[in-house]
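Subject: Structure handover

Hello,

Here is the structure for your set. Please look it over first; my notes on it follow below.

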2 protein chains.
Amino acid sequence: MNEKIQMQLNCPMPKFDFDMITLGHGSGGLLTHRLLESGVFNILKNDFLNQQHDGASFQLSGNLAFSTDSYVVSPIFFPGGNIGDLAINGTVNDLAMCGAEAKYLSLGFIIEEGFLMDEFWRILVSIKNAADAANIKIVTGDTKVVERGKGDKLFINTSGIGIIHQKANIHHKNIKAGDVIVVSGTVASHGIAIMSLRKGLEFETSIESDTTNLNHTVLSLIEQFGNNIKFLRDPTRGGVASVLNEIAELTQLGFSLDQKSIPISEQVEGACEMLGLDPLYVANEGLFIAVVAKEIATEFLLFLQKDINGTGAAIIGEVTEENAGKVILKSRIGGRRFVNYLTGEQLPRIC
Amino acid sequence: MNEKIQMQLNCPMPKFDFDMITLGHGSGGLLTHRLLESGVFNILKNDFLNQQHDGASFQLSGNLAFSTDSYVVSPIFFPGGNIGDLAINGTVNDLAMCGAEAKYLSLGFIIEEGFLMDEFWRILVSIKNAADAANIKIVTGDTKVVERGKGDKLFINTSGIGIIHQKANIHHKNIKAGDVIVVSGTVASHGIAIMSLRKGLEFETSIESDTTNLNHTVLSLIEQFGNNIKFLRDPTRGGVASVLNEIAELTQLGFSLDQKSIPISEQVEGACEMLGLDPLYVANEGLFIAVVAKEIATEFLLFLQKDINGTGAAIIGEVTEENAGKVILKSRIGGRRFVNYLTGEQLPRIC
C-alpha cells in the first residue's frame with residue numbers, strides 16, 4: 001500500500017537581480033531566458049526539460065490518457081497547499097480517474113506583472129515536491145506575463161499524459177444497477193479551507209485542503225480489483241453532487257445516496273452549517289468516488305481503508321434502475337430528496 | 001505539396017439563454033454543463049471529447065512529442081486571425097518543430113466574467129476550423145471563469161501530443177559549422193499586425209498576422225530531407241534574433257546572418273521603421289527557421305518555395321566556428337554587428 005511520501009525539498013531561493021516578475025520576463029527574450037535559467041529550469045531540471053526545445057520528446061506506447069486543467073484558485077496560498085501542488089495533484093488525479101499512471105506533465109504559467117519572486121519561488125518548490133511525490137516528470141512548459149490588473153498573481157495550466165493500467169476498464173457504460181458507490185474519505189475540506197480565507201467569510205479553522213496525489217492509491221486498487229472498478233471520478237468543482245449528476249445523466253441510471261453514511265469531519269460539517277452550504281456541493285482535491293461491482297464492494301472498501309488516502313473511505317450508496325438519470329438522497333431522518341447539479345456559483349475560483 | 005486548406009465552417013451561433021459568460025459557467029455545476037453541452041461540445045465534438053471524462057484516452061505508440069503554450073494575445077481579434085486559431089496553430093507548430101505530426105490537443109479556457117458569448121462563439125468556430133485544417137483532434141478540455149478585472153476576456157492554453165516522424169532527427173547537437181540557415185518566409189508580420197491595433201500605436205495597414213499551421217509543410221520536408229534537417233524552430237515571441245541566440249548559446253557555434261537576404265515585406269519594413277523596431281525581434285506565428293546541411297540547402301530551398309507556406313523562403317546565413325555562441329549580422333552596407341537577445345519587452349502579449 002502507498003504511504004504518503006513526505007519529501008521536503010529544502011531549497012533556498014537563489015539570488016535574483018529582481019524581486020518581482022515584470023512584463024519583460026514574458027518577452028521571450030533575455031529576461032525570460034534569465035528567469036528560466038536561474039529559477040524554473042534550475043529547480044525542475046530533468047533530462048526532458050533540459051532539451052530546451054519547443055516540446056519534449058520521449059518513447060511511450062500503449063493505451064494513453066491525456067488531461068488538462070487550468071488552476072485559478074484564490075488565494076494562491078491556503079491551508080494545506082498552494083496553487084502549485086494543487087496544479088500537479090489535480091492533473092495527476094484526473095489521469096488516475098482514467099485508470100492511468102501519470103508520467104509526463106506540462107506546466108504553463110500566466111503571471112501578473114508585479115508578482116513577487118519570493119512567492120513564485122515557494123510555488124516552484126511546491127511544484128517540485130508534488131511532482132516528486134507523484135513520481136511524474138515536468139517535461140515542457142511556458143511562461144507568459146500579463147499587465148497588472150489583467151490577471152491575478154498566478155494562473156497555472158498543467159496537462160498530463162499517463163499510461164492506462166492494463167487491468168483498467170473505466171467507463172460509465174460499465175455501470176449497472178446494483179453497483180456500489182464508494183467515496184475515498186471525508187468530503188468538502190478543500191472548499192471549506194479556501195472559503196475560510198475569503199474576504200467577508202474569514203473564519204478561524206484548522207481545516208486544511210485535502211489536495212494530494214491519488215495515483216498510487218488508485219493504481220493499487222486497479223491492480224487488485226481490475227474491471228470490477230467500473231468508474232472513477234474526483235469530485236472537485238461542483239462537489240460530489242455534480243459529479244454524480246453527470247454520471248446519472250450519462251448512464252440513465254439512478255444514484256441513491258444514504259446521507260448518514262457520507263463521511264464528513266465535524267469541523268467541516270460545522271463550517272458548512274455556518275455558511276449555509278450543502279457539503280455535497282463543496283469542492284474536494286484529494287478525494288475520489290468509485291462505482292464498483294457489488295461482489296467486491298466490501299473487500300474494495302477494506303483494501304482502500306488501509307491506504308493513506310482512504311482511511312476515511314465509506315460506501316455511500318448504490319446504483320438503481322429507478323430514478324433514472326437522477327441522484328436521490330435518503331436524509332438522516334429518513335426523507336428522500338433529489339440532489340441536482342450545483343446551480344449558479346457557490347464560490348468562484350475554488351481550484 | 002501542401003495546399004492551404006480553406007475550410008469555412010459555416011456555423012451560426014445556437015440560441016443561448018445568456019449573452020455573456022458569468023462566474024457560474026465556471027462552477028463545475030449546471031451552468032458549466034449547459035455551456036459545454038450547448039456550445040463547446042457541440043462545435044468541437046468528436047469521439048474522444050464525447051467520452052466526457054476527466055481525460056481522453058487513445059492508443060499511440062512510438063517517439064512522441066509533447067508541448068504546451070498559453071495564449072494571452074491582446075487584442076483577441078486581429079488582422080489575419082484571433083486567439084483561437086493562434087492557440088491551435090501555435091501548439092501544432094511547436095510540435096512540428098520537434099519533427100512531430102500533431103495528433104491530439106487539449107484546450108483550456110480562462111474566461112473573464114462578462115465575456116460575450118458572441119465573441120466566444122466566433123473563437124470556437126476559428127478553433128474548429130484551425131483544428132480541421134491542421135488535421136488534429138481536440139480531445140480534452142477545461143473551462144475556468146475569473147471575476148471581472150482578474151483576467152482579460154480570454155486566455156487559452158493548448159497542449160499537444162504528436163508522433164515524431166521516423167526520419168526526423170532534430171537536435172541542436174546535430175548542428176555544425178558550415179550548415180545553412182533558412183527562413184520559411186517574410187519576417188515580422190504577426191507582431192506588426194498586433195501592434196497596429198494597440199492603443200497609442202494604431203496605424204492603418206493591411207498587414208495581417210501570418211498565423212497558420214506549419215505541420216504539413218514541415219512533415220513533407222522531413223520526409224524528403226530526413227536528418228539533413230538539423231534543427232527547426234518557430235521564431236514567435238522574441239523573434240528571429242532571440243531564437244538564433246538560444247541556438248547559438250546551446251551549440252556554442254556562431255550564427256552569421258546576411259541582412260539583405262532576410263525576406264521582409266515592404267509594408268512590414270515601413271511599419272518597423274516608423275515604430276523604431278528591428279524586425280528581427282518582432283514575433284512571427286507562421287514562420288520557421290531551419291538549420292540544414294550545406295549539401296542539400298539549395299534543393300531544400302526550392303522544395304520549400306513550392307509549398308504554400310514557403311513561397312517567400314530564403315537562405316539567410318550560415319553556421320560558423322568563429323563568434324562561438326553569438327549571432328552576427330552583416331548589414332546591407334557591409335558592416336557587422338552582434339545581434340543579442342531581446343532585452344526588456346518590445347510589446348507585451350503578442351501571443
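**The strand pair across the chains**

β1(A) and strand β1 (residues 56–71) of chain B pair in the antiparallel sense, over 11 bridges. Strands here are DSSP runs of E with at least two residues, helices are runs of H or I with at least four, and both are numbered from the N terminus. Two strands count as paired if DSSP finds at least two bridges between them. One place to look is A:S57, whose bridge partner in β1(B) is B:A65.

**Ground rules**

This is a predicted model, so to speak of local features we need pLDDT of at least 70, side-chain atom pairs count only at pLDDT 80 or more, and totals for chains, interfaces and linings use all residues. Residues are numbered from 1 along each chain as its sequence is written, chains are lettered from A and ligands numbered from 1 in the order in which they are written, and side-chain values use heavy atoms, with hydrogens and water left out.

**Chain A against chain B**

How many residues of chain A are in contact with chain B? The number is 78, and they meet 78 residues of chain B. Contact means heavy atoms within 4.5 Å.

The two chains bury about 6100 Å² between them. Carbon and sulfur atoms carry 56% of that. Buried area is the accessible area (1.4 Å probe) that two parts lose on being put together, summed over both. In chain A, the residues that lose the most area to chain B are A:D54, A:F66 and A:R237. Together they make up 13% of what that side buries.

A:R237 also takes part in a salt bridge: its side chain meets that of B:D142 at 3.1 Å, N to O. The rule asks for a side-chain nitrogen of Lys or Arg within 4 Å of a carboxyl oxygen of Asp or Glu. Six salt bridges cross the interface of chain A and chain B. The rule for polar contacts finds 31 residue pairs there, both residues at pLDDT 80 or more. A polar contact is a pair of N or O atoms within 3.5 Å; within protein, one must be able to donate a hydrogen and the other to accept it, and residues adjacent in sequence count only if both atoms are side-chain atoms.

Several elements of chain A give two or more residues to the side that touches chain B, among them α1 (30–44), β5 (137–146) and α6 (239–251). The largest share comes from β1(A), with 15 residues. By class, that side of chain A has 30 nonpolar, 33 polar and 15 charged residues. Ala, Val, Leu, Ile, Met, Phe, Trp, Tyr, Cys and Pro count as nonpolar, Asp, Glu, Lys and Arg as charged, and the others, Gly among them, as polar.

**Inside chain A**

Chain A is divided into domain 1 (3–164) and domain 2 (172–338). The bounds come from an automatic or database domain assignment. The domain centres, taken over C-alpha atoms, are 28 Å apart. Each domain of chain A puts 24 residues into the contact.

About 2000 Å² is buried between the two domains of chain A, 61% of it from carbon and sulfur atoms. How many salt bridges are counted between domain 1 and domain 2 of chain A? The count is zero. Nine residue pairs are in polar contact across this interface, both at pLDDT 80 or more. On the domain 1 side, β2 (77–78), α2 (83–97), β4 (100–112) and α3 (117–134) of chain A each supply at least two residues. α2(A) gives the largest share, eight residues. That side has 12 nonpolar, seven polar and five charged residues.

**Local points**

Over all chains, the search finds 26 salt bridges. One joins B:D17 to B:R34, with the closest N and O atoms 3.8 Å apart. B:D17 lies in the segment before α1 (30–44) of chain B and B:R34 in that helix, so the pair ties together parts that are 17 residues apart in sequence.

Check the backbone in these places too:

- The peptide bond from A:S74 to A:P75 is cis, with omega near 0 degrees. A:P75 sits in the loop between β1 and β2 of chain A.
- B:S74 and B:P75 are also joined by a cis peptide bond, omega about 0 degrees.
- A:N135 is not a glycine, yet has a positive phi of about 60 degrees. A:N135 is in the loop between α3 and β5 of chain A.

Best regards
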